[in-house]
Amino acid sequence: MSDSGTSNALSTLTESGLQLSRRRLIGTAALAVLAAPALRKGASAQAMGGGMGGMMGMEPGLLKPATMNAGAFTRPLAIPPQLSGEERAGVLHYALRMGAGISELVAGTRTPTWGYNGALLGPALRVPRGRAVRIAVTNNLDQSTTTHWHGAHVPGSMDGGPQSLILPGQTFDYRFTLDPSLARRSGTTLVRRRARGRMPMPGWPGYCSSITEWTLASVCRAPGGVDDIPVIVQDRRMAADGRLLYMTSMMDLMGMKGDRFLVNGREQPYAAVPAQRVRLRLLNGSNARFYNFALSDGRAFHAIATDAGLLERPVEMRRLVLAPGERAEIVVDLSRDQGKTLVLRSDSGAVIPALNGAPMHSDGWDRNGFDLLQLRIVAPIAAKTVLPARMAEHVALRSDAPVRRHTLQGMRMMGGGGPGMMGMGGGVERGAPPDSGPGGMSLGIGGARLFSIDGQFMDMAVINQRVRLGSTEVWEVRNDAMMAHPFHCHGTSLRLLSRNGGAVPEWEQGWKDTVLVHINETVRMAARFTQPADDAHPFMYHCHILEHEGNGMMGQFTVA
């Protein structure tokens with residue numbers, strides 16, 4: 001059996017699932033040893049599946065054909081509150097408090113969760129470019145954590161990496177000014193919680209917020225819930241009593257997926273939207289699941305923005321795939337639909353299985369489709385809304401800049417340069433009990449050497465790359481693994497130059513910070529590094545499947 005670019009043959013068996021062989025049984029046994037702490041709590045018979053099916057992640061509850069849950073679209077979509085900051089001596093001040101609470105993710109069920117300024121998710125921060133801001137983040141949890149400004153151009157000391165821990169009861173003041181020269185391309189930034197040394201779980205317990213800077217006024221006149229709507233999509237797994245379940249199957253290490261689909265923290269809600277052009281700000285907040293966004297009647301919509309800002313012109317589409325951490329903004333024309341309903345869904349079966357090299361990597365929801373959000377179309381709030389023919393001007397980055405090459409690799413079952421089975425080294429972090437998540441939820445496994453970039457596993461003591469401040473580079477990322485990986489880079493934005501030497505799809509020609517790299521694909525992208533990051537506070541580059549980045553698939557780089 002060919003390894004196809006991964007130095008350890010067992011990684012191919014772990015990812016491909018082609019046949020049940022002796023080597024695969026060894027790999028499964030290794031997973032069982034590693035996963036034992038995570039499976040101690042909340043692993044019901046149904047969640048485990050029993051026998052080899054459960055060991056290989058084939059839970060009956062996740063393999064059933066996808067159907068709409070009973071009672072869907074009975075609750076309104078929750079719109080995150082907006083914080084515009086309080087001006088003091090020329091500085092805009094914001095306050096975020098991380099804490100625990102109870103949320104009703106599923107109607108009639110109480111679930112312990114974590115959130116910013118509330119029980120779940122967090123507010124949207126409106127941060128103008130060119131203004132000095134100060135964001136006080138207080139940790140009211142019983143464990144250390146950080147807050148990372150995913151997509152923002154800020155110095156490494158303000159980026160919220162794993163070196164910047166906020167201890168329980170402490171407050172960290174993030175201070176930065178967003179570059180005013182980027183105002184025409186700024187978009188929606190994801191605010192994430194990161195736990196050092198353990199699985200990074202900003203979404204599973206409930207953490208997720210956003211920073212938004214601009215509104216396309218000619219398209220959307222009422223940002224924040226009328227015709228400009230944040231759509232944060234997450235999947236979750238829940239126990240019968242409402243507790244969130246995490247790492248209940250050994251194969252969850254390949255990427256944690258759930259069978260409950262939440263939009264802004266509620267299962268399959270509805271939104272009343274005006275009969276005109278409506279802007280949806282899509283954010284894939286899941287740990288590992290990919291979505292193929294579409295509308296239930298198959299109609300076209302226009303993509304207007306990627307992760308980090310506006311496209312040069314609207315792009316007509318009918319399907320749009322987003323990997324974990326990716327954002328996109330679309331405009332849907334509802335001007336002739338007053339009194340009707342429409343559903344935003346994921347037509348997963350059409351494309352998602354092809355992103356995985358093994359059947360075991362796709363569950364029943366991936367192989368079918370499911371509904372996410374119902375749009376109830378009411379009277380318009382404007383006589384006419386216009387979609388501009390041109391929205392931004394993008395300055396090309398040098399395609400002949402120095403090239404830095406990276407290779408994404410799959411699970412490596414033995415070795416990896418460290419002591420112990422699977423090269424685990426220290427394995428699970430000792431700083432917090434494994435079941436100290438909300439409501440006693442398992443926090444899973446972190447710090448194990450399972451997934452790698454360039455044959456290296458994440459090591460807090462190692463700087464993997466050094467970049468010159470002010471330089472432009474081409475990063476060439478090759479995926480040698482048996483599943484697609486979303487590649488995320490901190491501290492800058494990326495412009496895609498090519499996919500496997502060919503053209504970049506028009507909707508991906510805007511500014512990105514998270515890029516889906518398919519199996520056996522090489523993506524070339526250019527970036528300019530304008531923010532400093534020293535050895536004490538380096539930037540990260542990593543896979544955005546959270547179980548992968550938490551178990552080795554991450555590197556560190558300085559900019560100086």
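Mentor: This is a predicted model, and we can begin with an open sheet of five strands, whose order is S24-S23-S26-S30-S28 and whose pairing is mixed. Its edge strands are S24 (452-453) and S28 (494-499), each of which pairs on one side only.

Trainee: In which sense do strands S26 and S30 pair, and over how many bridges?

Mentor: Strand S26 (residues 472-479) and strand S30 (residues 522-528) are antiparallel, and their pairing runs over seven bridges; to see one of them, find Val 477, whose bridge partner in S30 is Val 523.

Trainee: What is the strand order in the open sheet that contains S25 and S29?

Mentor: That sheet has five strands in the order S25-S32-S31-S27-S29, again with mixed pairing. Strands S25 (465-467) and S29 (514-517) each have a single partner strand, so one side of each is left without a neighbour in the sheet. From one strand to the next, the twist averages 25°. S25 pairs with strand S32 (residues 554-559) in the parallel sense over three bridges, and Arg 466 has Thr 558 as its bridge partner in S32.

Trainee: Turning to a loop residue, where is Asn 368 found?

Mentor: Asn 368 sits in the loop between strand S21 (341-346) and strand S22 (370-378), and it counts as partly exposed because its relative accessibility is 35%, between the cut-offs of 20% and 50%. A polar atom of the Asn 368 side chain lies 2.6 Å from the backbone oxygen of Gly 364, while the C-alpha atoms of Asn 368 and Ser 348 are separated by 5.7 Å, although these residues are 20 residues apart along the chain.

Technical notes:
Residues numbered from 1 in each chain as written. Predicted model: local features only at pLDDT ≥ 70, side-chain atom pairs only at ≥ 80, totals over all residues. Heavy atoms only, no water. Pairing = 2+ DSSP bridges. Helix = DSSP H or I, 4+ residues; strand = E, 2+ residues; numbered from the N terminus. Axes fitted to C-alpha atoms, helices over the stretch in contact; angles between N-to-C directions. Buried < 20%, exposed > 50% of the residue type's maximum accessible area, 1.4 Å probe, protein only. Polar contact = N/O pair within 3.5 Å; in protein donor to acceptor, adjacent residues only side chain to side chain.
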